[in-house]
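Please have the viewer open as you read.

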Amino acid sequence: MKTEVQFKFNRFLAWFDMIIKDHGFLRLCYNNFHKVDENLYRSNMPTPSRIRDYSKLGIKTIVNLRGVRKDGGWLLENEACSKHNINLIDFRARSRAAPEKEMILKAEKLFNSIQYPALIHCKSGADRAGIMCALYMLIYKKQDPEIAKKQLSWKYLHIKWAKPGVLDSFVENYSIDYKRNKVKFMDWAKNKYNPKKLENSFRSVWWVNRFLDDILRRE
């Protein structure tokens, strides 16, 4: 009896953690779910019921860009993915810094190894999901950077005037070189791209940062 009570209490704590502490109540109103192409979807942090629905779409892999967190949302996501035979991959990405070269190389391996259809998500589905979907377009689909740019858009609640705007600058920097000499993205990322230089040159708007960080609690 004690074990059953403890189990129910732990589940209550997990749901409280996800809905209240992680602001999941906002995601109950809007899931920021979009189809990128025939193989890929993107969204904000999903609930177990949404994971069930995604399994009915045929999604075989979910990529969690928040990394291993051991919080309620992460535990519930693991449980739901296991229940519905979806492979959950924890992949750490950042929203307020230029993508590291190591992360780009890991993203290349990820896109070439996972089972599709797949879903990529972060907390809000705006910034980290945006840059990973842009990388998917550049690395896996080998699309023009102008197409990749569309994954970083207000449509997905991405705001380029705040710190996550460095992600826009990243794609734009590649776009400039691509227009000049048609350099392949991975060649550019390995040989020419300079994350520190990009970060030092980027400027965001302070009050937009305050709005995102202090009011919306973006990560």
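## Cysteines

The sulfur of C29 lies 18 Å from the closest cysteine sulfur, that of C122, so the two are too far apart for a bond. C29 also counts as exposed, because its relative accessibility is 71% (exposed means over 50% relative accessible area, buried under 20%, and partly exposed in between, with a 1.4 Å probe and protein chains only). For C133, the closest cysteine sulfur is again in C122, at 9.1 Å, which is too far for a bond. C133 counts as buried, because its relative accessibility is 0%.

Searching the whole structure turns up zero disulfides, a disulfide being a pair of cysteine sulfur atoms within 2.5 Å.

## About the model

This is a predicted model, in which local features need pLDDT of at least 70 and side-chain atom pairs count only at pLDDT 80 or more, while totals for chains, interfaces and linings use all residues. Residues are numbered from 1 along each chain as its sequence is written, and side-chain values use heavy atoms, leaving out hydrogens and water.

## Strands around β3

Helices (H or I, at least four residues) and strands (E, at least two) are DSSP runs numbered from the N terminus. Strand β3 covers residues 61–64; T61 and V63 point one way, I62 and N64 point the other way, and all are buried. In a regular strand, side chains alternate between the two faces of the sheet.

Two strands pair if DSSP finds at least two bridges between them. β3 runs parallel to β4 (residues 87–90), joined by four bridges, and I62 sits opposite L88 of β4.

## Nonpolar cores

A nonpolar core is a set of buried Ala, Val, Leu, Ile, Met, Phe, Trp, Tyr and Cys residues joined through side-chain atoms within 4.5 Å. The largest one has 42 residues, and F111, I120, M132, L135, F170 and F185 touch the most other members. At least two residues each come from α5 (101–113), β5 (118–121), α6 (128–140), α8 (165–181) and α9 (185–191), with α6 giving the largest share, ten residues.

Beyond its neighbours within four places in sequence, F170 is in contact (heavy atoms within 4.5 Å) with residues including P99, I131, L135, F185 and W188. A second, separate core has ten residues, among them Y41, Y54, I86 and L88.
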